[in-house]
Amino acid sequence: MPPKPARYDAASVRLGFVRGGEHPRGVAWYGARSFWGHLRHLAASAIATEDIDSRDWMTPDDPQELVLRIAAELGSTRGARTLTEALGRDVWVDYLADTGDDVSVSRAVARLVFSDYELPDPARPDATLQAPRGDILLFGGDTAYPVATADEIRSRVIVPFNQVLAEVPRDRPRVLLGIPGNHDWYDGLDGFGRMFRRQFGSGRSPQVTLTDQRRTRIDQYADFARQFVLGGHVKKPSTLELLGYAPVQNASYFALPVAPAIGLLGVDRQLKEVDARQRHFFQAWLSHHLGLSPWVLLPDPVHPFGEPSPSGTGMLGALGLTLTARPHFVLSGDIHHYRRETEGPTLHVTAGGGGAFLHPAPIRRTGRPADVEFPTAPQSRALLPSAPVRIMLGRAGFLPHFALGAVLAPAAELAAAHPPAMSDWVALGGTGLVIGFAYALLGGLRRGRLAVLGLAILGAMATAPLPIVSGHLMRILGRELHAHVPFWALGALGVVLASFGAAFVFGAFLAALTALGLERTQAFTALDHPGFKHFVRLRVRADGTGIDGWCLGLVDPLAKDEQPVVVDTFSWNARR
């Protein structure tokens, strides 16, 4: 019998969580590897600005041909208009997004996804039903972090997932579908294509990977330089195969008639917006299927944290969708928590808990209320205070320490070389101005949030005296110990002490932004929390009347004997 997960206790608050110790570990968001990802983002954005778009060379699948191709992979040769009609039954879909980060967490998520369950029956409150592993494994974007290269996807997704799949009975074939997120685009969709693009030729030889032969970043750069000089090319895996799953798509976007009156639209807006070819593709198909209720798969939510986003509303506008006109089911990732809300006949589900670091529920309510959240606001509030300490200790990387140290160094060196003097006040004022300006920009002052200015001033006032105090302490220490230590060495030690203190203030500033609802993600991104991972199992009803869904989660994925829980159960009615 498949396991029957218990209902999640949303009132519980847990503070202790298990972190992974296996490499590759979670990305330190203020570390060198992440900085490399930010550079790739800038490069990709610059390329997009020049109107160089990988989608220009794509040929989107004809929706009817895609139905037949998926049905054939799933073992049906029956010709039909929709997937449920081709299979003659309900279609089961497993959705997860924001996947490849800490490899230990990825393995735990794989065990969660690749299982059958006994779940509550939405139609009968006191009954249960058998919910098998999905016919389709649907990825919602951001396949791996910090950049979804072939190497990162292999190390952080393919290897841990295949290790679990190798232990699971391969009872029948299944299909892989996905759309890219921004981290997939940082690599120009190269890694994404190797995993999700349909492979041609009857002699396909799967490259199934169960062990990781990970190269260091230095080895990768050395290989690149060597091949560049020799006129060769860096070898990459031609495909990234998941055991038992067949990729079927030819483009980063697709339309799939899954059931009578239900059409799945997989949208790719990266890097900046839905491109013209994609708009024409979706609008032309929708205009010939006016009776459909759209199931819309987006790379980021329409209402992240309950507030409308320009990208989300822009995607709906590009597709010509009006959420209040007829039922829509909008499913997205990108924000790393679970959230369900309703908007008239439309259901919004955000489920970005496939493995990456946690994002909180809104701690201070400023937007639309949610029907269900995982984690809840009280649980998020309980985790927030540990962010400043984690940043100070360098657990999120040392880029803030280096940046702050560079700003604080002149004042610390000055204080270490001379007794207190008027120059200290000059250094204090200059340092405070630079820090305050940086904090104001970081907190979103340019978007008109004047409340950020007060926090920036407080952060600057707490940071600016640190190099002067630490510098004078080093000078006094050297004098008391009668040590003949050069003033520059004392100043350098003062800079180190000041940078760690300033990193704590920086973390407190980020935490305050989150607590007050001025900014939602940066403190938890640095926190790199491993908990509250989840995916969504969906049943597309054969008659096309709607979709039933269950969010299944692991509160502490790496804890010993941690059991799956049912976070949410919902139904979407496709017919008004």
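So, to start: of the 576 residues of the protein, what percentage count as buried? The figure is 57%, where buried means under 20% relative accessible area, exposed means over 50%, and partly exposed is in between, with a 1.4 Å probe and protein chains only.

Quick housekeeping. This is a predicted model, so local features need pLDDT of at least 70 and side-chain atom pairs count only at pLDDT 80 or more, while totals for chains, interfaces and linings use all residues. Residues are numbered from 1 along each chain as its sequence is written, and side-chain values use heavy atoms, with hydrogens and water left out.

Okay, the overall layout. We've got 18 helices and 17 strands; those are DSSP runs numbered from the N terminus, helices being H or I with at least four residues and strands being E with at least two. A contact here is heavy atoms within 4.5 Å. Take the contacts between residues at least 6 apart in sequence, and 77% of them join residues at least 24 apart.

Now the cores. In soluble globular proteins, nonpolar side chains tend to be buried together. By nonpolar core I mean a set of buried Ala, Val, Leu, Ile, Met, Phe, Trp, Tyr and Cys residues joined through side-chain atoms within 4.5 Å. The largest one here has 80 residues, and the members touching the most others are Ile-70, Trp-295, Phe-329, Tyr-338 and Leu-538. Helix H17, residues 487-515, gives this core its largest share, 9 residues. There's another core apart from it, with 63 residues, including Val-105, Ala-144, Ala-148 and Leu-323.

Leaving out residues up to four places away in sequence, its contacts include Val-91, Trp-92, Val-93 and Tyr-95.

On to the aromatics. How many aromatic pairs does a search of the whole structure find? It finds 22. The rule is that rings of Phe, Tyr and Trp (its six-membered ring) pair if their centres lie within 6.5 Å; planes under 30 degrees apart count as stacked, over 60 as edge-to-face and the rest as tilted.

Two pairs to look at. In the Phe-114 and Phe-161 pair, the ring centres are 5.7 Å apart and the planes sit at 85 degrees, so we call it edge-to-face. Phe-114 lies in the loop between helix H4 (103-113) and strand E3 (117-121) and Phe-161 in helix H5 (residues 150-165), so this pair ties together parts that are 47 residues apart in sequence. Both Phe-114 and Phe-161 are buried. They also belong to one aromatic cluster along with Phe-139, Phe-192, Phe-196 and Tyr-245.

The other pair is Phe-374 with Phe-532: centres 5.1 Å apart, planes at 75 degrees, so edge-to-face again. Phe-374 is in strand E14 (residues 372-374), Phe-532 is in the loop between helix H18 (522-527) and strand E15 (533-540), and the two are 158 residues apart. Both Phe-374 and Phe-532 are buried.

Phe-532 has a positive phi of about 65 degrees although it is not a glycine, and its relative accessible area is 4%. The peptide bond from Phe-374 to Pro-375 is cis, with omega near 5 degrees, and Pro-375 lies in the loop between E14 and helix H11 (377-383).

There's a cis bond from His-23 to Pro-24 too, with omega near 0 degrees; Pro-24 is in the loop between strand E1 (6-7) and helix H1 (32-49). And Asp-98, also not a glycine, has a positive phi of about 60 degrees. You'll find Asp-98 in the loop between strand E2 (91-96) and H4. Is Asp-98 buried or exposed? Buried, at 0% relative accessibility.

Last stop, Thr-313. This residue is in helix H10 (residues 310-319) and is partly exposed, with a relative accessible area of 40%. The C-alpha atoms of Thr-313 and Val-302 are separated by 5.9 Å, and the two residues are 11 apart along the chain.
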